[in-house]
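Thanks for making time. Please have a look at the sequence and the model before I start.

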Amino acid sequence: MKNRILIVDDSFYMRTMLKNMLTDAGYEVVGEAANGQQALEMAASAKPDLITLDVILPDNTGLDVLKGIRQNDPDVKVVMCSAVGQEVIVNEALESGASAYIVKPFSEEKVLEIVSGALQTAE
Amino acid sequence: MKSREQEYREMYMAEALEAYDAMSRHISELERNPHDSQALNELFRLMHNLKSNSRAMGYTSIGEVAHHMETIFGLIRSKEREFSGSLAAVLFTGVDMIGAMIRAVGDDEVVPDSNVLLDNLDRLVRGEEPVLEGELADEEDATRKLELSDLVYIQIKKLDHLLNLVGELIIDRDRILTLSQEIGNSALQTSAAHLFRITDELQYSVMDARLVNVGSLLNKFPRVVRDVASAEQKQVELTLSGQDIQIDRNILQIITDALLHLVRNAVAHGLETPAEREKAGKPAQGQLTLSAQTERDDVLIQVTDDGRGIDVESVRRKAVERGLVGKEAARQLDDKAVRAFLFEPGFSMAKEVTEISGRGVGLDVVKLAIDSLGGQLRVDSVLGQGTTFTLVLPTSIAVKGALLFELDERSYAIPLMHTDSVVSLWPDDLHVVGGLLMAEVQGENVPVVSLRRLLQNGDEPLQPATRAEVQGRQDIIIVNYNNRKLGLIVDRFLRQQNIVIKPMTKPLDTIELFGGVTLLGSGQVCLVLDVPALTRLFLARRL
């Protein structure tokens with residue numbers, strides 16, 4: 001069965017690019033959230049296998065969203081997306097249960113490598 | 001077709017310009033109140049996004065400025081710097097610079113040099129005083145431009161009005177084109193041909209402006225499913241797909257209730273309880289899929305569950321009990337035709353069917369909504385394995401593909417959405433069965449009726465058909481409505497054409513056999529047949 005992924009990013013451009021990369025690679029993108037509130041709702045209803053989560057979001061910091069998601073569903077894999085300059089937050093995210101992180105701007109190969117790596121730790 | 005790169009670029013530009021507008025607004029707020037933490041957070045986030053997006057697009061110089069700006073806003077946020085004096089001046093210059101750089105990228109021009117700014121931002125990070133040049137500030141002011149967003153919001157009724165006008169225009173255009181050919185003036189013909197192309201493009205542009213993503217509706221369903229599932233104590237996994245398929249906004253509006261109904265029905269009646277499912281050897285969690293896809297010019301929206309399915313035999317019994325079909329005829333109907341009874345008005349109210357098959361509450365209402373769009377509703381089901389409802393919808397409401405034909409020297413149109421095929425048959429290909437003409441079309445037995453006879457004598461029963469009434473080759477249009485096929489004998493096929501359907505005016509609007517009229521280029525009025533009404537009339541009048 002296809003692995004199901006939820007994309008969380010406040011930039012439409014970024015979401016579209018991630019969605020295209022993941023869909024082309026055969027993943028199923030089950031939803032796109034643009035803020036923390038949406039992310040929590042969609043994570044609960046769509047029950048994805050993996051979530052790509054931007055560290056900086058409008059209504060909530062990515063970290064709070066990460067904690068909320070993990071609290072509701074400890075099995076879901078979360079890959080943080082950040083740009084250089086947020087190393088502190090990324091480290092904290094990894095301590096709070098994120099599986100991996102992607103640094104923007106990212107290449108397609110890198111994204112797919114990290115996503116499939118994170119999903120494999122699930123087995 | 002736009003390349004993906006082009007689309008990314010357009011998205012990037014739209015978002016970057018919007019971000020620049022927001023940055024300008026927030027930095028002014030910050031100037032008024034240096035402790036406005038919301039404005040500060042937004043500036044930080046907008047810089048962060050612009051940095052990431054610019055780098056992904058390869059616009060590294062914009063990314064570099066945004067990165068430096070983000071760093072300073074981060075320092076202000078952590079109270080290591082104060083938004084005031086020379087620091088504020090540099091940040092204002094930075095926002096202006098970002099605007100100029102984005103505009104340059106949009107206009108394919110050389111991106112302005114930002115080294116002085118970057119140097120100053122570096123100094124601020126290090127805690128040094130920036131080097132401010134008086135002229136620089138003046139120069140900036142002189143080149144300042146006010147940018148408006150590239151996106152506008154528009155009321156749908158304004159687009160409706162535009163579309164109606166385009167419809168009128170196309171009818172007149174066709175008339176002018178025909179007249180120019182009749183008159184034979186070559187200059188007029190050239191102008192008319194040009195008018196034709198321009199209006200065609202206008203029509204598609206207006207139709208295009210009305211398109212929205214199906215996702216704007218589908219994405220509301222996770223919440224609905226969760227609520228219904230918890231009320232019904234079902235476990236449901238919802239999967240969405242095809243959210244980026246595009247469709248006319250009003251079509252999406254009209255099917256909203258129908259889709260809501262189908263989804264609620266699927267969760268409440270289609271899917272079994274976890275205990276029932278486990279007993280049937282299925283996983284406790286039921287699967288529900290909402291998907292959209294394009295097929296030729298149509299959009300297909302499907303609601304699929306892996307629940308108990310529809311019990312065809314109980315539907316068949318019920319149809320006979322309600323007198324919708326004779327006992328003998330019912331036995332001969334295939335499963336598809338039997339399931340079509342579910343869409344009969346009032347049929348669904350039958351309590352027994354609801355309980356046994358888990359289906360049927362108000363499906364006729366769903367059917368009516370789809371019919372009003374000239375669409376089709378289909379249902380497929382395997383008992384014990386699940387049910388799929390398919391909505392076949394036109395992409396746009398303005399123009400419909402139609403088949404034109406002639407009957408008694410008048411032109412008629414029939415929407416392609418309901419046309420299965422056209423065939424020419426000889427009397428030997430037609431058989432009389434139970435007073436009806438039947439023909440074998442693509443391996444299926446289809447009743448055939450003369451359209452002339454069907455349109456005559458109101459709703460009296462049709463005279464039994466005989467082979468003698470058909471002589472020579474017959475042009476037959478096979479129409480399809482609610483899984484029922486019917487062959488209509490016409491005098492002559494004319495051509496296929498896109499038509500603009502106009503509603504009938506009073507008092508003719510009560511004749512439900514015609515869905516509207518259209519004007520042909522010749523100026524002739526052409527009636528558009530309503531296949532659902534015609535099929536119902538045939539079923540009511542046959543013996």
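First, the ground rules. This is a predicted model, so local features need pLDDT of at least 70, side-chain atom pairs count only at pLDDT 80 or more, and totals for chains, interfaces and linings use all residues. Residues are numbered from 1 along each chain as its sequence is written, and chains are lettered from A and ligands numbered from 1 in the order in which they are written.

Chain A. It has 5 helices and 5 strands. Those are DSSP runs, numbered from the N terminus: H or I with at least four residues for helices, E with at least two for strands. Along the sequence the pattern reads β-α-β-α-β-α-β-α-β-α. Of its 123 residues, 50% count as buried. Buried means 20 or more other C-beta atoms within 10 Å of the residue's own; exposed means 12 or fewer, partly exposed is in between, and the C-beta atoms are placed from the backbone. Take the contacts in chain A with a separation of 6 or more: 58% of them join residues 24 or more positions apart. A contact is two C-beta atoms, placed from the backbone, within 7 Å.

One residue as an example: I114(A), in helix α5 (residues 108–120) of chain A. Is I114(A) buried or exposed? It is buried, because 20 other C-beta atoms lie within 10 Å. Setting aside neighbours within four places in sequence, I114(A) contacts V79(A), A100(A) and I102(A). V79(A) is 35 residues away along the chain, yet the two C-alpha atoms are separated by 8.0 Å.

Now the two chains together. 19 residues of chain A are in contact with 22 residues of chain B. On the chain A side, the elements giving two or more residues are α1 (12–24) and α2 (36–46). α1(A) gives the largest share, 6 residues. By class, that side has 11 nonpolar, 5 polar and 3 charged residues. Nonpolar is Ala, Val, Leu, Ile, Met, Phe, Trp, Tyr, Cys and Pro; charged is Asp, Glu, Lys and Arg; the others, Gly among them, are polar.

On to chain B. Helix α3 (residues 60–77) and helix α4 (residues 85–106) pack at about 155 degrees, axes 10 Å apart. Axes are lines fitted to C-alpha atoms, for helices over the stretch in contact, and angles run from 0 to 180 degrees between N-to-C directions. The pair α3(B) and α4(B) is therefore roughly antiparallel, a label for angles over 145 degrees. The contact of α3(B) with α4(B) has 10 nonpolar, 2 polar and no charged residues.

Second pair. Helix α10 (residues 221–232) and helix α11 (residues 249–270) of chain B pack at about 35 degrees, axes 9 Å apart. Here 9 nonpolar, no polar and 2 charged residues make the contact. Among them are F221(B) and E232(B) of α10(B), and R264(B) of α11(B).

Last, helix α7 (residues 156–183) of chain B. Its 28 residues should span 40 Å at 1.5 Å a residue, and the end C-alpha atoms are 41 Å apart, which agrees. The expected span is 1.5 Å times one less than the number of residues. Buried residues in α7(B) include L163(B), I170(B) and D174(B). Their cover includes α8 (186–209) and β16 (492–500) of chain B. Just after α7(B), G184(B) takes a positive phi of about 80 degrees.

Conventions
Parallel < 35°, antiparallel > 145°, perpendicular 65-115°, else oblique.
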